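Good morning, and thank you for coming. Please look at the structure on the screen while I describe its parts in turn.

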Amino acid sequence: SSLSAGPLSPNYMAPERVAQGQAHSTLASDVFSLGVTLCEIFTGEAAVQARHHDQLDAIVDADLKDMCLQMCSMRADERPTAGQVVATLSEKQKASGYKASPPRRKVVGKSESDDVRLFDRV
């Protein structure tokens with residue numbers, strides 16, 4: 001397989017996928033892509049690692065900033081595992097007191113009280 005085998009976004013691809021022409025992702029490359037995505041969500045700008053460092057200081061706490069930057073490491077062996085990312089995000093969510101739940105959607109032709117969760121079958 002080659003990198004042209006499917007639609008890819010180079011800005012979100014781990015460096016090893018680009019350099020080695022890997023067509024398939026690994027857990028480490030997925031962590032990189034998620035890190036880039038989180039940085040973009042937190043800063044509101046397209047992923048440019050050099051700028052994220054300063055912008056993250058004003059938006060997230062030090063632990064979350066460090067995790068995001070580690071996720072965007074150019075070296076796969078320096079990135080946290082997917083389990084470590086989930087644990088850190090879960091810890092932050094619990095500490096915030098925010099209770100996450102699946103989003104709800106309005107079913108056309110029904111009242112608000114008939115809303116269903118996106119994960120429910122209609």
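Let me begin with a term: two residues are in contact when they have heavy atoms within 4.5 Å of each other. This is a predicted model, in which local features need pLDDT of at least 70 and side-chain atom pairs count only at pLDDT 80 or more, while totals for chains, interfaces and linings use all residues. Residues are numbered from 1 along each chain as its sequence is written, and side-chain values use heavy atoms, with hydrogens and water left out.

I turn to the overall layout. The protein has 5 helices and 2 strands; helices (H or I, at least four residues) and strands (E, at least two) are DSSP runs, numbered from the N terminus. From that terminus on, the order of elements is α-α-α-α-α-β-β. The accessible surface is about 8,300 Å², and 54% of this surface belongs to carbon and sulfur atoms; the areas come from the Shrake-Rupley method with a 1.4 Å probe, and for residues only the protein chains shown count as cover. Of the 122 residues in the protein, 23% are buried. Buried means under 20% relative accessible area, exposed means over 50%, and partly exposed lies in between (1.4 Å probe, protein chains only). Among contacts between residues at least 6 apart in sequence, 33% join residues at least 24 apart.

Next, the interior. In soluble globular proteins, nonpolar side chains tend to be buried together. A nonpolar core is a set of buried Ala, Val, Leu, Ile, Met, Phe, Trp, Tyr and Cys residues joined through side-chain atoms within 4.5 Å. Which residues touch the most other members of the largest nonpolar core? Among its 15 residues, they are Leu56, Met67 and Met71. Helices α2 (27-43) and α4 (62-71) are the elements that give two or more residues to this core. Setting aside neighbours within four places in sequence, Leu56 is in contact with Cys39, Phe42, Thr43, Lys65, Cys68 and Leu69.

Let us follow α2. The buried residues of α2 include Phe32, Leu38 and Cys39. Thr43, also in α2, is buried, with a relative accessible area of 15%. A polar atom of the Thr43 side chain lies 2.8 Å from the backbone oxygen of Cys39. Thr43 and Gln55 are 12 residues apart in sequence, and their C-alpha atoms are 6.2 Å apart. Just after α2, Gly44 takes a positive phi of about 80°.

In α4, the buried residues are Leu64, Lys65, Met67, Cys68, Leu69 and Met71. Asp61 caps the N-terminal end of α4, with a side-chain oxygen 3.2 Å from the backbone nitrogen of Asp63.

Now to the cysteines. A disulfide is a covalent bond between the sulfur atoms of two cysteines. Here the term is applied to a pair of cysteine sulfur atoms within 2.5 Å. How many disulfides does this rule give? The count is 0. Cys39 is in no disulfide, and the nearest cysteine sulfur, that of Cys72, is 4.0 Å away.

Finally, consider the loop between α4 and α5, where Glu78 is placed. Is Glu78 buried or partly exposed? Glu78 is partly exposed, with a relative accessible area of 46%. Leaving aside neighbours within four places in sequence, Glu78 is in contact with Gln70 and Ser73. The side chains of Glu78 and Ser73 make a polar contact at 2.9 Å. A polar contact is a pair of N or O atoms within 3.5 Å; within protein, one must be able to donate a hydrogen and the other to accept it, and residues adjacent in sequence count only if both atoms are side-chain atoms.
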